[in-house]
Amino acid sequence: MKKFLSKLSSIVRSTYDYSLLKWLLVSLAVAFGEEFFLEVLGRRSFIAAVSFVFHTPYIFLYNILILYFTFSICLLFRRRGFIFGLIAGLWLIVGFTNFAVLGYRITPFSAIDFLMITDMLSMINIYFSLLQRILLFAGIITFILVVAIAFLKTPKIKGKIQYIPNIIVCLVLFVLVAITTFFNLNMSIISDKFTNLGTAYKDYGFAYCFANSVVDVGVSKPDDYSQESVEEIVAKTENLDDDLDIVQNTEDMPDIVIVQLESFIDANRISGLHTDIDPIANFRFFEEHYPSGYLTVPAIGAGTANTEFEILTGMKSKLFGSGEYPYKTVLTDTPCESMPQLLLQQGYGTHAIHNNKAKFYSRDESYASLGFQSFTSLEYMTNYNVTNTGWAKDDCLPEQIEKALDVDQGGPSFVLTISVQGHGKYPKDKLNCTEHVKVTLDSGDPELTNSFGYYVNQTYEMDQMIMDLKKRLDARGKKYMLLLYGDHIPNIDFTNNPLNRGADNQTEYVLVSNFNMNLKDQDLNAYELSDYMMKACHLKRGIMQKAHEAYFDADNEEVFNEVAHTLQYDMLYGNRYVYQSMPAYTIADMSMGVEPVTVDAMTYQRQTKYLLVTGHNFTPFSKVIINDDRYDTVFVSNEELIVTKDALGDVLKNASDEDVEISIAQIDKDKHELTRTEPQRYLPPED
């Protein structure tokens, strides 16, 4: 090892004597080799990478050029070898990360995943075994150590650096990348708007697609953007609700409940898969009796939040950066037109429910921008079960939906519910769930049989949940509309079991109601549904919904794409010209949970030396906070919490001698504090 390191050091030192031309040739060779290796990792196949090189050599060379430019940056530093190795190493890290990510989801790794790091860490126990987690963290530590040692050991260039020629080289390569990118985009050789991120990585190469995800964020400014262009759109849409017979009385407005079903599709669409009973008999019954069809979604195997975003806003997520989640970027602090924003103005209560953690996709922030008055996440629930893979089951959702409907005391309610039970990773080594449905595959592959078997049995239980929900809504005796749909196909390998009906980016939807909606079966895009639903309910629509009616043409979407581009840019990033003709939206004062956590009393038991806190709406995520310090808390019931003597220590023994304030905080499993009750002064018991 010592000899190897010595030889490696000698090689690195020798490169410092290279002329600029020789250095550039070596860099080009490394860029060629590394780009090919990145393609092997991204395609998880040597043969597929070779095919990419020979079938699209120009695009392969373009990707090499991108790497080559990044390598040229090292010419500006004295520690040239270190910077070169660091840049090459970082490309390898994102390549290996992409390789690992593609092992458990369909969507490749992109820059937006850096914003999802906390979400990814919270799921690490689900997707990686203990050994894999140990190796992962060992690899991270090893990389940090290698970088630190390399920085200390890698020599600096002696003498004067030729900055002028080096800078010229960097600028020439930068301009060459820019010109080539412009040419490729205008000639449609590549695209910067990825309808399918996985397909884009395969068509345009890893280096370009990942680099594009770094620089392409938000909605770009349209070429013809101006106040006049916005006013023209507004003028064409402002009177479209005149013929809708808009409901004026809130008593006549229906409750609107949306349930987004995680990875939910009809298993009969999967070629070579057979079940002994229909796993979604209730959903199929609804399809036969209510308006339904295929739903084209902006995601395949992942990307739940973007389907949800399109349903709520009528906007097109593909107009944002490649792989971007607006929930994680612009919507964390920018109000946005949406169904809850529009319905809030018409007297609705607006509520969101998700049986997963609140911070997943930054919903604890973005939902307020979308106009929700309350958000009930898993941290505010008590009665829920968990799958063997660690996800909350959906059978808790009907009760939570009823609670949200009850809050508005008979007034109209809008309730968005995001399910999670059908989420991957789908077990391969065993079925790992209750077998309600027997699943067989023509191939007989045992691992795929287990994965599909687990998935289908989760959809069976989800299907039972939606019937329970419908019965509850029927029993309330109030007018309602219920939208049920899948957010995307499951993240399972469909290579040998392709879908025999519908496309990979299509799920199913059904609109259930207890009144005549005058709607027919038809296939829809996710961004069309809000207009579709609000017209059926005779409710006032927003400008995005009315733009669908004024501009959308299924046979030619280009005109609508231009209008959507203008409106989305103006409302979220531009000069907000649209708000000169309508009130601007604001961020809602959103509460976490529909039932507030409250504290009634705190009692220190001198004999047992534990603290008993009584109140209302406690959950397993409720933690006692004493003078800003968190204490291990035992959840007894939704009305009682205990801090044992071992956790409590001596903090309350001499409480009369100091000020002690106690509050209850909801802490998620990643130790993030979501809410906290007002602190109460602790009064020690009298002797």
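**Helix H17 and the sheet**

I began with helix H17 (residues 397-407), which lies across S1, strand S4 (349-354), strand S5 (374-377) and S6 and runs at about 155° to S6. For such angles I took axes as lines fitted to C-alpha atoms, for helices over the stretch in contact, with angles from 0 to 180 degrees between N-to-C directions. Helices (H or I, at least four residues) and strands (E, at least two) are DSSP runs, numbered from the N terminus. I note here that the model is predicted, that local features need pLDDT of at least 70 and side-chain atom pairs pLDDT 80 or more, whereas totals for chains, interfaces and linings use all residues. Residues are numbered from 1 along each chain as its sequence is written, and side-chain values use heavy atoms, with hydrogens and water left out.

I then traced the open sheet of 9 strands, whose order is S10-S3-S9-S8-S1-S6-S4-S5-S11 with mixed pairing; two strands pair if DSSP finds at least two bridges between them. Its edge strands are S10 (524-525) and S11 (591-592), each pairing on one side only. Strand S1 (residues 255-261) and strand S6 (residues 413-418) are joined in the parallel sense over 5 bridges, with isoleucine 258 opposite leucine 416 in S6.

**Leucine 295**

Next I looked up leucine 295, which is found in strand S3 and is buried, with a relative accessible area of 0%. Buried means under 20% relative accessible area, exposed over 50%, and partly exposed in between (1.4 Å probe, protein chains only). Leucine 295 and tyrosine 509 are 214 residues apart in sequence, yet 6.0 Å apart in space, C-alpha to C-alpha.

**Cores**

The largest nonpolar core has 77 residues, and those with the most contacts inside it are Ile258, Tyr367 and Phe414. A nonpolar core is a set of buried Ala, Val, Leu, Ile, Met, Phe, Trp, Tyr and Cys residues joined through side-chain atoms within 4.5 Å. Helix H21 (residues 558-572) gives this core its largest share, 7 residues. Apart from it I found another core, of 43 residues, among them Ala31, Phe36, Phe82 and Trp91.

**Salt bridges**

My search of the whole structure gave 23 salt bridges, each a side-chain nitrogen of Lys or Arg within 4 Å of a carboxyl oxygen of Asp or Glu. Glutamate 508 forms one with arginine 269, the closest N and O atoms being 2.6 Å apart. This pair links distant parts of the chain, with glutamate 508 in strand S9 and arginine 269 in the loop between S1 and strand S2 (273-275), 239 residues apart. Glutamate 508 counts as buried at 5% relative accessibility, and arginine 269 is buried at 0%.

I then turned to arginine 476 and aspartate 406, whose side chains meet in a salt bridge (3.0 Å, N to O). Arginine 476 lies in helix H18 (residues 446-476) and aspartate 406 in helix H17, 70 residues apart. Arginine 476 is partly exposed at 30% relative accessibility, as is aspartate 406 at 46%. Salt bridges that share partners join Glu402, Asp406, Asp468, Arg472 and Arg476 into one network.

**Strand S18**

Last I checked strand S18 (residues 661-667), which is largely enclosed by the rest of the structure because 6 of its 7 residues are buried. Strand S14 (residues 622-626) pairs with S18 in the antiparallel sense over 5 bridges. S18 and S19 form a hairpin with 5 residues between them, and lysine 671 in the turn has a positive phi of about 75°.

Methods
Contact means heavy atoms within 4.5 Å.
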